[in-house]
Amino acid sequence: MENFKYGEDFLSSSLAIGIAKGEIKGYLSEESQAKVNQSAQYVQDIVDAGKVVYGINTGFGPLCTTLIGAQDTRRLQENILKSHAVGMGEAIDKELSKLMLILKVHALAKGFSGVQMSTIERIIWHIQEDVIPVVPKQGSVGASGDLAPLSHLFLPLIGHGKIWKDGKQVNTAEVLIAYNMEPIALGAKEGLALINGTQFMAAHGVKAVVEMNRLMNNADLIATLMIEGLNGSIKPFFTELHQLRPYKGNSFVASTVFNLLKGSAILESHKNCSRVQDPYSLRCIPQVHGASRNAWLHFKEIIETEINSVTDNPIIINNELTISGGSFHGQPIALPLDYATLAVSELGNISDRRVYLSLEGETNGVPKLLMKSTGLNSGFMILQYSTAAIASENKGLCFPASADSIPTSLGQEDHVSMGSISGRKLLQVLDNVDKILSIELLCAAQAKDYHAPLKSTPIVEALHAHVRQVIPHIEEDQPMQDILDQALALVKSGELIELAKKISQEQNVAYFGEGTDYFENY
């Protein structure tokens, strides 16, 4: 098993997901342990010297001028977890809670937060044993970090809150008894270090970086299949065109689709047709898909910076210098989360247009509504209703949460990012676009069927055959729910992408295009 050193190694989104899945083991090196212990000693030195430092011996937020006696510093840290655990709504996915734990350990292990080694070790225990706290999805404004979600995440450290067990939520006390363990005693500053930070927002960002990459690859493959089904032209994907407007995403999409279509007999069969140019949903795939990829590159960079940063407060530089700053503010990732939501939604918008295009009956040999006998049968007509409805839903979700700010904490936190809402909306739109793409996949496969016995390229033929292994060609109306579920499962699984890679290697044919490294390292 691959190992990862918390606080030292560079954490990427895929590595974080790997740790969450148990494929990679995270641990603390001796160097990181030394930094953590030194930082904890700085805090103890401050307490012993009686210096007034925010969050160590003062109240929180608007209570920052209220001094707390040395004898009450431990109770202060427990009280902040209890008082701030005010989340509402359904729980986030267990995987997201686990990612929050991983991101928090990585930040604390850098040695600027003043927490005890025993506290970090207990959090690592939760990760390794898959004993994951329950975190409600609502309640963070993304300002002093994700206060409410992080409070729920760490209540189990002091014996409160709930834990996921066998898919159910159980009281932490039950779990501690089962493992013969006791709650830990938090030291000065520890409660604040645990709940100040952007780990709720960042965990959503990590998940989105990985899921968006899969979605973009699926979108390119499914669009290519649709190009073949609708006798689209290969010219809009020529390198000569994209060298004159060399965006990384555009060039990658164009060259990838070109690779997938090069040598197709279907393409060859209509190269001298009278059509001058294709509609934008086919012709502008490099520009639209590429723009979403360009957005993803920026989004990935921001999330990587965030998850390798220290985002609690105050920061402990040494026993003489503590800095009460604003590194917990979610604005740096709230804006990209909103931007990424728009980028994902656009992939759904253009996919819906291709679905509509496939039903028009303007392609030689491909019947209107993708079925030969219509009238008695409605064909694939109503599938586009679903893509239209979901695409419209996404448009509402694209309003940027980060455009809003409601002051909190009696005005102490007078500008907030609302990035937690941005992250939640992004994952929702990703799920919605998977559904739109799954319908496009059905339509593209159906359209391609009508070009038989002409063949496409090895990769496109393999993709089409894989779809047909689980979803039959349809020539009369039937209940579609099971078929839609199967198509969605294909899209979400990433099977099509892995199959394309496999055929590329086995048959020595090109798949990914220009600039692969930009889009395969995340």
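Mentor: Rings of Phe, Tyr and Trp (its six-membered ring) are paired when their centres lie within 6.5 Å; planes under 30 degrees apart are called stacked, over 60 edge-to-face, and the rest tilted. By this rule there are eight aromatic pairs. One of them joins phenylalanine 4 and tyrosine 6, edge-to-face at 5.9 Å centre to centre with 80° between the planes. Both phenylalanine 4 and tyrosine 6 are buried (under 20% relative accessible area with a 1.4 Å probe and protein chains only; exposed is over 50%, partly exposed in between). The model is predicted, so local features need pLDDT of at least 70 and side-chain atom pairs pLDDT 80 or more, whereas totals for chains, interfaces and linings use all residues. Residues are numbered from 1 along each chain as its sequence is written, and side-chain values use heavy atoms, without hydrogens or water.

The rings of phenylalanine 252 and phenylalanine 519 have centres 4.8 Å apart and planes at 40°, so this pair is tilted. It links distant parts of the chain, with phenylalanine 252 in helix 11 and phenylalanine 519 in helix 21, 267 residues apart; helices (H or I, at least four residues) and strands (E, at least two) are DSSP runs numbered from the N terminus. Both phenylalanine 252 and phenylalanine 519 are buried. The charged end of arginine 293 sits over the ring of phenylalanine 519, 5.1 Å from its centre (NZ of Lys or CZ of Arg within 6 Å of the ring centre and within 35 degrees of the ring normal). Lysine 248 likewise lies over the face of tyrosine 518, at 5.1 Å from the ring centre.

Helix 11 itself covers residues 248-261, 14 residues in number, and reaches 20 Å from its first C-alpha to its last, close to the 20 Å expected at 1.5 Å a residue (1.5 Å times one less than the number of residues). Eleven of the 14 residues are buried, so helix 11 is largely enclosed by the rest of the structure. Among the buried residues are Gly249, Asn250, Phe252, Val257, Leu260 and Leu261. The buried residues of helix 11 pack against helix 9 (199-229), helix 10 (239-242), helix 12 (265-269), helix 14 (285-307), helix 18 (458-470) and helix 21 (516-520), with contact meaning heavy atoms within 4.5 Å. After helix 11 comes glycine 263, whose phi is positive, near 90°.
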